[in-house]
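Here are some friendly exercises to work through with the model open beside you. Try each task before reading its solution.

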Amino acid sequence: MEGRHDSSPMQAFDKDVLEMTCEDVYDISYVIGRDLLKVNTGSRECSDLQFKIVRVLEMFETMVNKYNLSLEELRMELENMKREMERVVAEGSSGDVNTTVGPNKLVVDLKDPNRPRFTMQELKEVLQERNKLKAQLLLAQEELQLYKSGVLGSEQKMVEVNLETLPQSEAAPSSVVEENKEKSTIQKLFSFRQK
Amino acid sequence: MKDRLIKRLQDQIKAIHTHKAAPAVPKEYLGMLEYKKENESRLIRTLILELKPRGVGVLMIPGLAAHLLFMCVRHADYLNDGNKLKSLMNGIISAIKEVITNQQESFEVLSFWLSNTYHFLNCLKQYSGDEEFMKHNTLRQNKNCLRNFDLSEHRQILSDLAINIYHQFISVMEDALFPMIIPGMLEHESLQGISSMKPTGFRKRSNSVYEDGGDHSGSEPFSVTDILQQLDASHTSMAQHGMEPQLQGQVIRQLFFLIGATSVNSILLRKDLCSCRKGMQIRCNISYLEEWLREKDLQSSCAMETLGPLSQVAWLLQVNKTTDEDAAEIKQRCSELSPVQIVKILNSYTPIDDFEKRVTPSFVRKVQALLQEREGSSQLMMDSQYRFQVTFPFCSSPQALELLQVPSNLRLGFVTRI
């Protein structure tokens, strides 16, 4: 005899359906059976009704049983999932020493000033531009050298001049204008160098 | 000739067409259950060994298991198959014995099979063909009587089995009830007034069958409420198993006897229980028990009579014990107590406060003298182990066997309703 019998069988009628157990169905069966006996005339109709009710209550018993079993199964699964999740989270927040990193991975300290920052593409573009500029510079230097050695420009000699003194020229009068022009070009060149 | 033949045939065809279809007649059952001989052990296993005491069918229809078993018996008798019948009857008896032996601590199982064995016994009598058992039968029930075999010998065996089950059942209930009696009936102080003594009850229920239900955390002493709850649970279980009310009454009477005798014995041995206030408390508790009996409609069980001695002890504790008139009244009122018991109580009587006086030795002698003629045993204690003899008087059942169907959850699909 279980302690539950302390409560009246009638209480089963007031219970929330989803909280019922098989024992409640049995209490209900007893009460209904007892009441039926009171009104039983002994007729066949009464008896048929009685057994129809038996059948319905048996179906109810089966359903309550199944419902409670499913509920229990789901609860247990939820418990397992929760525990699993807690375990995974706990592992994630533990120290670096214990951290396992997948293959082909790099761990970067975000505070390191020498950390890698640029992509390969960005680097390629920068290098290409540098190479282009370097080539242009070499060309410009060559051109300068040629101007200096008199290969380029007019027949007039190119004179090395001081920054302070104006260039002295022995240029022919016909090419004075050009000389002047050249002077200005030279000036420009030297002013360039000055800079 | 041909024409006449044709006409006659045509008439017949017409007649068949116009003839109204006969109304569907509900199948008339004979009130028997047919099973194949090789399925006998399966039948017994399903309907006895593995049958749960709590199920929809068995709770809705009192004694269902017994009636279904009897319907099988009827069929074997109907077939005039003596071997089948004998095998079945022996199988039933062995199986019931086995169940109650394997589950001898289970209150539910014992209650269920006490009830059903009694029902089965009644069926065997009611349909035996003996006139003394047929007085309340309907015509149909008379028709259903056994035709070929006399099972009175088996009835005797079943009767003995029922007595066995009864005693086992009582023992289980007593084991549960016993720890509650002294704390609940005698020690617990529910009446007003400061208790002079700390209640020292048992701390735990001893019987492992019972779960710790109700209010008890296991650390509070028992009160009379616990006793009533225990009686309630017993009664509910018996009622739900469809036990004949008269048998329920016998059970309750035996339990009340235990309560009374245990209490009296305790009082006789403990001076601290022999006070006026204790007398009041006991009277109060007895009235609760009486009210409970009334509530459950069990007055006819004669359970209250078993509390007679305890009731008189309570009265004795409360009453004045000084004058000659008092002595005379004691002699008159305490008819169920022996002189030895009365004297012991008078000598043990403990006043609560300084105003009250102890019972004087001269008073005790006075009472003793008055009781000289009374023949009481020299034994001080009551025999709390005493068991009233249980009887199983015939009870006719109104159940019509031919209307009884087999609930599907009993898994008796291999049996056919005839």
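**Exercise 1. Find how many salt bridges cross the interface of chain A and chain B, and look at one of them.**

Step 1. Apply the rule for a salt bridge: a side-chain nitrogen of Lys or Arg within 4 Å of a carboxyl oxygen of Asp or Glu. Across the interface of chain A and chain B, this rule finds three salt bridges.

Step 2. Pick out Arg44(A) and its partner Glu28(B): the closest N and O atoms of this salt bridge are 3.8 Å apart.

Step 3. Now see which elements of chain A take part. H1 and helix H2 (44-92) of chain A each give two or more residues to the side that touches chain B; helices here are DSSP runs (H or I, at least four residues), numbered from the N terminus. H2(A) gives the most to that side, with 12 residues.

A word on the model: it is predicted, so local features need pLDDT of at least 70 and side-chain atom pairs count only at pLDDT 80 or more, while totals for chains, interfaces and linings use all residues. Residues are numbered from 1 along each chain as its sequence is written, chains are lettered from A and ligands numbered from 1 in the order in which they are written, and side-chain values use heavy atoms, with hydrogens and water left out.

**Exercise 2. Describe the extent of the contact between chain A and chain B.**

Step 1. Count residues in contact (heavy atoms within 4.5 Å). Chain A provides 31 residues and chain B provides 33.

Step 2. Turn to area. The size of an interface is often given as the accessible area lost when the parts come together. Chain A and chain B bury about 2,700 Å² between them, with 58% from carbon and sulfur atoms; this is the accessible area (1.4 Å probe) lost, summed over both parts.

Terms used
Buried area is the accessible area (1.4 Å probe) that two parts lose on being put together, summed over both.
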